[in-house]
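I opened this structure for the first time today. These are my notes, in the order I looked things up.

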Amino acid sequence: NLALHLRKYTAHGNLPKKRRRNRIPRHIMAGKEPVSFDPILDDQRLIKECSNYAQSLAAFDAEFSADPDANKVENVARHADRAAAALEKIAATPAKTAEGIHAKARIVAMVIEDAQGELQKRDEQFFLSFAADVKALLQSTIDERSHNTLGKRARRSLWSSLARGRGVLRR
């Protein structure tokens with residue numbers, strides 16, 4: 001009976017599938033979002049959004065200059081809305097590598113030009129996130145230099161106090 005059963009399933013290619021167990025038990029992962037450990041993937045999304053922002057601004061400018069009557073306002077507004085949405089995503093996404101910061105740096109001039117002297121809330125958020133990203137990337141270098149500088153100052157002040165003390169004793 002078992003042989004007949006196996007022959008029946010193997011003849012049609014319908015083998016019962018073996019169930020695989022997840023590596024992490026479900027009760028541990030319950031209610032938790034998957035964690036991204038690869039900063040390059042996050043920065044690829046950021047670079048894509050920076051590209052989308054630049055393309056939307058270029059499309060906005062091209063369509064606005066091509067339509068002398070400005071009667072296709074909805075098309076022009078669509079590009080402006082896409083650029084605004086992309087800038088909000090860029091501001092909300094922290095750069096984790098130098099390439100991500102470079103992508104944000106490339107659109108700084110575009111954001112300033114697009115603002116035309118009037119910074120909106122999303123523009124301010126972008127500049128604040130850009131400054132925070134640069135600070136975070138350079139923080140280890142800053143800490144290392146300040147540690148070395150403080151150590152040198154401490155050694156100098158110790159030496160100068162010792163030298164002053166010797167001078168006082170010699171007089």
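**Notebook: salt bridges, core and surface**

I began with Glu49, which counts as buried because its relative accessible area is 17%. For me, buried means under 20% relative accessible area, exposed over 50%, and partly exposed in between (1.4 Å probe, protein chains only).

I noted the ground rules next. The model is predicted, so I read local features at pLDDT of at least 70 and side-chain atom pairs at pLDDT 80 or more, while totals for chains, interfaces and linings use all residues. Residues are numbered from 1 along each chain as its sequence is written, and side-chain values use heavy atoms, without hydrogens and water.

**Salt bridges**

I looked up how many salt bridges the structure holds, and found two. The term stands for a side-chain nitrogen of Lys or Arg within 4 Å of a carboxyl oxygen of Asp or Glu. Side chains of opposite charge can pair when their charged atoms come close.

Glu49 pairs with Lys89, at 4.0 Å from N to O. Lys89 sits in helix α4 and Glu49 in helix α3, so this bridge ties together parts 40 residues apart in sequence. Lys89 is partly exposed, at 47% relative accessible area.

Asp133 and Lys104 form a salt bridge too, with their closest N and O atoms 2.6 Å apart. This pair links helix α7, which holds Asp133, to helix α5, which holds Lys104, across 29 residues. Are Asp133 and Lys104 buried or exposed? I found both of them buried.

**Overall fold**

I then read the secondary structure: seven helices and zero strands. Helices here are DSSP runs (H or I, at least four residues) and strands are runs of E (at least two), numbered from the N terminus. Of the chain's 171 residues, 19% count as buried. I also checked contacts, meaning heavy atoms within 4.5 Å. Among those between residues at least 6 apart in sequence, 67% join residues at least 24 apart.

**Core**

Which residues touch the most other members of the largest nonpolar core? I listed Cys50, Tyr53, Leu87, Ile90, Ile107 and Phe126, out of 17 residues in this core. Helices α3 (39–66), α4 (73–92), α5 (98–106), α6 and α7 each give it at least two residues. Its largest share, five residues, comes from α4. A nonpolar core is a set of buried Ala, Val, Leu, Ile, Met, Phe, Trp, Tyr and Cys residues joined through side-chain atoms within 4.5 Å.

Leaving aside neighbours within four places in sequence, Phe126 contacts Leu87, Ile90, Ala91, Lys104, Ile107, Val108 and Val111.

**Helix α6**

Helix α6 spans residues 108–115, and its buried residues are Val108, Val111 and Ala115. They cover an arc of only 65 degrees around the axis, which puts them on the same side of α6. The arc is taken from the directions from the helix axis to the C-beta atoms. Turned away from that buried side, I found the exposed residues Ala109 and Glu113. Just after α6, Gln116 has a positive phi of about 50 degrees.

**Surface**

Leu137, Leu138 and Ile142 make a nonpolar surface patch of about 240 Å². Patch residues have over 30% relative accessible area and no salt bridge; like charges are joined within 9 Å, nonpolar side chains (Val, Leu, Ile, Met, Phe, Trp, Tyr) within 5 Å. Areas follow the Shrake-Rupley method with a 1.4 Å probe; for residues, only the protein chains shown count as cover. Leu137 belongs to helix α7 (residues 121–170). Leu137 counts as partly exposed because its relative accessibility is 37%.
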